[in-house]
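Trainee: I would like to learn how to read the features of a protein model, one at a time. Could you walk me through this one?

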Amino acid sequence: MAEAFFEACETGGGWAACERYCAPDAGFSAQADALAGITTLRDYAEWMKGLLTVLPDGRYEVKSFATDEERRNVAAYGVFRGTHTGEGGPCPPTGKSTSTDYVYVMQFDGERIAHMTKIWNDARAVKELGWA
């Protein structure tokens, strides 16, 4: 379930592709300025969909998936890579690329994701892309 959600989200499927894996009111949190104000997994999935229009070559590499059955969560560590060549970002396309590490911690309630926390150094990605 966690891997299927991860792929649907990271390939820009938006909420339509992700909702089957999540509780309808699934929460979201991150200590990243780029994601300030996003509090639902629905909105995060849509944010990722939009990001892939700005970084159309965006792709991920999974480094690790770990399940903690006692705490009912799954942690997924990946590296996201992309180049700002698409329209719609915070500035005209810069042609610059990022390679940024991140972790999703998906908290389950039954068979569905009830909450996800993203751990990500957005400041580095924003700087590499020429957005700051």
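Mentor: Gladly, and keep in mind that this is a predicted model. Let's begin with the nonpolar core.

Trainee: Which residues touch the most other members of the largest nonpolar core?

Mentor: A core of this kind is a set of buried nonpolar residues joined through side-chain atoms. Here the largest one has 34 residues, and those touching the most other members are Phe5, Cys22, Leu41, Tyr44, Tyr104, Met106 and Met116. At least two residues each come from α1 (2–10), α2 (14–18), β1 (22–30), α3, β3, β4 and β5 (112–120). Helix α3 gives the most, with seven residues.

Trainee: Tyr44 and Tyr104 are both in that list. How are the rings of Tyr44 and Tyr104 arranged?

Mentor: For a ring pair, look at the distance between centres and the angle between planes; over 60 degrees counts as edge-to-face. The centres of Tyr44 and Tyr104 are 5.9 Å apart and the planes stand at 85 degrees, so this pair is edge-to-face. It joins distant parts of the chain, since Tyr44 lies in helix α3 (residues 41–54) and Tyr104 in strand β4 (residues 97–109), 60 residues apart. Tyr44 is buried at 0% relative accessibility, and Tyr104 is buried at 0% as well.

Trainee: What else does Tyr104 touch?

Mentor: Leaving out residues up to four places away in sequence, its contacts include Phe5, Phe6, Cys9, Met48, Val74, Met116 and Lys118.

Trainee: How many aromatic pairs does the whole structure hold?

Mentor: The search finds nine. One aromatic cluster is formed by Phe6, Phe28, Tyr44, Trp47, Tyr60, Phe65, Tyr102, Tyr104 and Trp120. Lys118 is worth a look here too: its charged end sits over the ring of Tyr102, 5.1 Å from the centre, and also over the ring of Trp120, 4.5 Å from that centre.

Trainee: Cys9 came up among the contacts of Tyr104. How many disulfides are there?

Mentor: A disulfide is a covalent bond between the sulfur atoms of two cysteines. The test is whether two sulfurs lie within 2.5 Å, and the count here is zero. For Cys9, the nearest cysteine sulfur is that of Cys18, 4.5 Å away. Cys9 is buried, with 0% relative accessibility, and Cys18 is buried at 0% too.

Trainee: And how many salt bridges are there?

Mentor: Side chains of opposite charge can pair when their charged atoms come close. This structure has five salt bridges. One of them joins Arg71 and Asp68, at 2.8 Å from N to O; Arg71 is partly exposed at 48%, and Asp68 is partly exposed at 23%. Another pairs Arg59 with Asp57, with the closest N and O atoms 3.7 Å apart. Glu61, Lys63 and Arg81 are linked in a network.

Trainee: Where in the chain do Glu128 and Arg124 sit relative to each other?

Mentor: Both are in helix α4 (residues 122–128), and being four residues apart, they are separated by about one helical turn.

Notes
Residues are numbered from 1 along each chain as its sequence is written. This is a predicted model: local features need pLDDT of at least 70, side-chain atom pairs count only at pLDDT 80 or more; totals for chains, interfaces and linings use all residues. Side-chain values use heavy atoms; hydrogens and water are left out. Rings of Phe, Tyr and Trp (its six-membered ring) pair if their centres lie within 6.5 Å; planes under 30 degrees apart count as stacked, over 60 as edge-to-face and the rest as tilted. Buried means under 20% relative accessible area, exposed over 50%, partly exposed in between (1.4 Å probe, protein chains only). A charge sits over a ring if NZ of Lys or CZ of Arg is within 6 Å of the ring centre and within 35 degrees of the ring normal. A nonpolar core is a set of buried Ala, Val, Leu, Ile, Met, Phe, Trp, Tyr and Cys residues joined through side-chain atoms within 4.5 Å. Contact means heavy atoms within 4.5 Å. A salt bridge is a side-chain nitrogen of Lys or Arg within 4 Å of a carboxyl oxygen of Asp or Glu.
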